[in-house]
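I opened this notebook page to record what I looked up in one protein chain. The entries run from the whole fold to single residues.

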Amino acid sequence: MPNTSDQSNHNLVVVGSVAVDWVITPSAERKDSVGGAAVFFAMAAAPLAKVQLVGVVGHDFPQGSISDLEHAGVDLAGLERSDGLTFRWKGRYHENMNQRDTLETHLNVFEDFAPKLPQRYRESDFLFLANIQPSLQLAVLEQMDKRPRLVGLDTMNLWIDIARDELLRVLARVDVLAINQEEALQLTEEYNLVRAAAKIRELGPKTLVIKRGEYGALCFGPDGSMFCAPALPLDDVVDPTGAGDSFAGGFMGHLASTGDLSGDNVRRAVIWGSTMASCCVQDFSYDRLRGLTRDQVDARYRRFVDLTRF
Ligand code: AMP
């Protein structure tokens with residue numbers, strides 16, 4: 001990752017799923033819960049940076065969520081509206097809320113989606129390829145007018161299983177990979193995280209953020225140095241869906257808002273990621289992220305500073 005800094009507020013493009021989820025937890029259930037990697041990412045990054053979203057929705061996507069994204073300041077010029085049904089995902093959490101089973105995935109409008117970036121998106125300096133088919137991630141990357149200053153990527157077990165070659169192709173072209181612990185091990189066929197990280201850095205991304213759910217995040221910086229951040233211990237985890245995407249939103253949002261890609265600032269970005277993830281899990285969908293003010297997120301960030309000071 002280039003070690004340069006300029007103090008300006010950069011645009012941050014995100015492509016990823018925009019979804020209607022059905023979430024079942026041990027104590028509650030929400031059908032038609034708006035989600036998707038790009039939605040959680042955008043709602044988490046919006047208090048920090050100017051987000052430009054690329055995705056597709058069907059005729060069943062609620063207008064209220066379009067308004068929520070607009071109110072958060074997210075640029076939706078790259079959100080296509082299609083005739084079919086929105087991407088749908090259904091999952092059930094285990095008693096401990098750390099594990100979940102995917103019960104259903106329907107790509108629907110994502111099956112034929114060919115992203116077309118509005119001209120103003122193509123000049124942006126920061127790009128995040130959130131979880132979606134690797135071929136779509138690649139299509140967005142290729143439409144950028146110039147190589148963005150920072151390209152981040154997330155993926156999941158499904159794409160490691162069924163689209164590994166495309167995933168490796170896009171991975172070779174990114175600076176940061178934000179990935180779950182289990183997926184990092186699956187991708188590299190390793191049992192040890194440190195060895196997995198070394199292998200991933202050989203595949204392309206020099207900065208790696210390994211998300212470990214309630215155990216926080218482990219970051220391997222651009223120079224290979226390790227940084228470990230906790231998750232905020234909470235007594236009111238309602239719905240963990242989107243925690244990883246909110247983490248990525250806080251992380252990338254901080255880097256885009258500061259323009260500082262130094263190793264120290266990457267560490268602060270990890271705490272910003274943890275901050276936004278901790279808000280996300282306190283309610284269903286993006287309900288807790290909606291309407292968050294800069295003061296509120298600053299206060300939550302300071303709780304992390306207190307938590308780790310000794
Ligand atoms: P997370 O909890 O951060 O892993 O993200 C959960 C979100 O990922 C949900 O809102 C789902 O709609 C979305 N999702 C689930 N499966 C997929 C998939 N195969 N491709 C893209 N997004 C997905």
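How many helices and strands does the secondary structure of the chain come to? I noted 11 helices and 13 strands. I also noted at the outset that this is a predicted model.

**Entry: overall form.** I checked the radius of gyration against the value for a compact globule. For 310 residues such a globule would have a radius near 19 Å, and the chain has 18 Å, which agrees. Along the principal axes, the C-alpha atoms fill a box of roughly 50 × 45 × 40 Å. I then looked at contacts between residues with a separation of 6 or more, and found that 66% of them join residues 24 or more positions apart.

**Entry: surface and charge.** I recorded that 57% of the 310 residues count as buried. The accessible surface of the chain is about 13,100 Å², and carbon and sulfur atoms account for 48% of that surface. For the charges, I noted 32 positive and 42 negative ones, with mean positions 4 Å apart.

**Entry: annotation.** I consulted the UniProt record, an unreviewed entry, which carries the annotation "domain: Carbohydrate kinase PfkB" over residues 10-283. Within residues 10-283 I read 36% helix and 27% strand, and the end C-alpha atoms lie 29 Å apart.

**Entry: helix α1.** Is α1 mostly covered or mostly open? I found this helix, residues 37-45, mostly covered, with nine of its nine residues buried. Among them are Val39, Phe40, Phe41 and Met43.

**Entry: Leu127.** I located Leu127 in strand β8, residues 126-129. Why does Leu127 count as buried? Its relative accessibility is 0%, and therefore it counts as buried. Leaving aside neighbours within four places in sequence, I listed its contacts, including Leu12, Val13, Val140, Leu141, Met144 and Met252. Pro148 is also one of these contacts; it stands 21 residues away along the chain, with its C-alpha atom 6.6 Å from that of Leu127.

**Entry: positive phi.** I next looked at backbone angles. Most residues other than glycine have a negative phi. Asp32 has a positive phi, near 55 degrees, and lies in strand β3, residues 29-35. At 47% relative accessibility, Asp32 counts as partly exposed. Asn108 is not a glycine, yet its phi is positive at about 45 degrees. I placed Asn108 in the loop between β7 (100-106) and α3 (119-122). Asn108 is partly exposed, with a relative accessible area of 26%.

Methods
Residues numbered from 1 in each chain as written. Predicted model: local features only at pLDDT ≥ 70, side-chain atom pairs only at ≥ 80, totals over all residues. Heavy atoms only, no water. Buried < 20%, exposed > 50% of the residue type's maximum accessible area, 1.4 Å probe, protein only. Helix = DSSP H or I, 4+ residues; strand = E, 2+ residues; numbered from the N terminus. Rg over C-alpha atoms; globule rule 2.2 N^0.38 Å. Contact = heavy atoms within 4.5 Å. Areas by Shrake-Rupley, 256 points an atom, 1.4 Å probe, with all protein chains shown as cover. Lys, Arg positive; Asp, Glu negative; His and termini not counted. Charge placed at Lys NZ, Arg CZ, Asp CG, Glu CD. UniProt positions renumbered as here; feature names shortened; annotations may be inferred.
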